[in-house]
Amino acid sequence: MARFFTRQRLLHILVHLVFWVSLPFLPWAILQQQPPHFSFWRTATPILRMAVLFYLNYWVLIPQLLARRRFALYGLAVLVLMFLLHVPMSLHWLGIGTMPPPRPGTTLADRQQFQAIIVLVTVLVWMVSSGLRITSEWFANERVRRQMHSDKLTAELAFLKSQVSPHFLFNTLNNIYSLAQLRSDDTAEAILKLSQLMRYMLYEANDPRVPLEQEVEYLRNYVDLQRLRLADDVEIEFSQEGQLAGRLIEPMLLIPFVENAFKHGVSYQHPSAIGIALRVVGDELLFRVQNRRFPAAAPLTAARDSGIGVQNVTQRLQLLYPGRHHLDIDQTGDQYIVTLTLALPHASLPFS
């Protein structure tokens, strides 16, 4: 019931009520004359006839003829309906013929003038009926379009997010497999870190947005897992500044950039260094990931070098943060640098 009486529907009903309440006084307002004393017959009957025109046009003619582009038949139907209603309606309002007698002093010129006004009012009723119906259809179509867009957006995001977990899990299992082959003492700790990562992915990252603190902790666990796998001569720096509490972010949004740095920025033949810096300033997150580029990777374009994960997150940013983010992927000399600026909502505020 509450859904039925939405604000738009109540406004729609109010417009109809105001129109029908004011319509009986419109001819007299045009004539700038005082309306006669109230007569139910003289007032209600013409209004009912006008309502026939209004709602036949509203519920039947426009949906069945105009909406189906049968313009000629629609125009003919409207003209016939107006003609059939005009003559008896004029007699009712003026009190001519078998109806109550006309007002004292009413001349033929007065009656002709009034009939012309009745024609004008009839056309006005048709125009209001058509305008309201077309406007109502436009709003209904707009609601459907927005719902379809929302459903499409949800489906796209679900698809993109579903690509993250298998892609990440595949790489991480390869890392642990490498440790197991080396019979490393860090294998057990790596499995523990992976279980923490998987717990976050399976149970906490299903919400539309998560606390920024959880996302950063997830990044730290991933970086720690990589430290266990890599040699000590690979420099890994992770820095964090600003207040993280009370901020929200799309889950699994930052990990593709970090994963990409470890995938392409580590070489066993050249010195390797990966820098990850995260800073919260006001309502913005400044996130920067930097890694070395090696000669074999130099010819690759930024799109190919970034891999599936970065292309994926770029699409998600466009869908989730339109006009509220700036992503810069730059290759400078032997460095590959990703810089992301993101507007962060507060946890206490509603979000879309």
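Select Arg 292 and Asp 334: they form a salt bridge, with the closest N and O atoms 3.1 Å apart. The term here means a side-chain nitrogen of Lys or Arg within 4 Å of a carboxyl oxygen of Asp or Glu. This pair links distant parts of the chain, 42 residues apart, with Arg 292 in strand β5 (residues 284-292) and Asp 334 in the loop between β6 (325-332) and β7 (335-343). Asp 334 is partly exposed, at 35% relative accessible area. Buried means under 20% of that quantity, exposed over 50%, and partly exposed in between (1.4 Å probe, protein chains only).

A word on ground rules: this is a predicted model, where local features need pLDDT of at least 70 and side-chain atom pairs count only at pLDDT 80 or more, while totals for chains, interfaces and linings use all residues. Numbering runs from 1 along each chain as its sequence is written, and side-chain values use heavy atoms, with hydrogens and water left out.

## Zoom out

Colour by secondary structure and you get 9 helices and 7 strands. These are DSSP runs numbered from the N terminus (helices: H or I, at least four residues; strands: E, at least two). Of the 352 residues in the chain, 39% count as buried. For contacts (heavy atoms within 4.5 Å), residues 24 or more positions apart account for 73% of those with a separation of 6 or more.

Arg 227 is partly exposed at 38%, and Asp 224 is partly exposed at 27%.

Next, pick Arg 133 and Glu 137, whose side chains meet in a salt bridge (2.8 Å, N to O). They sit 4 residues apart in helix α5 (residues 108-181), separated by about one helical turn. Is Arg 133 buried or exposed? Arg 133 is buried, at 11% relative accessible area, whereas Glu 137 is partly exposed at 32%.

Now bring in Phe 54. Phe 54 and Tyr 58 both lie in helix α3 (residues 40-66), 4 residues apart, and both are buried. Show Tyr 55 and Trp 59 too, and you have one aromatic cluster with Phe 54 and Tyr 58.

## Inside and outside

Which helix is largely enclosed by the rest of the structure? Select α8 (residues 255-264): 8 of its 10 residues are buried, so α8 is largely enclosed. Among the buried ones are Phe 257, Glu 259 and Phe 262.

For contrast, go to Leu 76 in helix α4 (residues 71-94), which is exposed at 51% relative accessible area.

Methods: Rings of Phe, Tyr and Trp (its six-membered ring) pair if their centres lie within 6.5 Å; planes under 30 degrees apart count as stacked, over 60 as edge-to-face and the rest as tilted.
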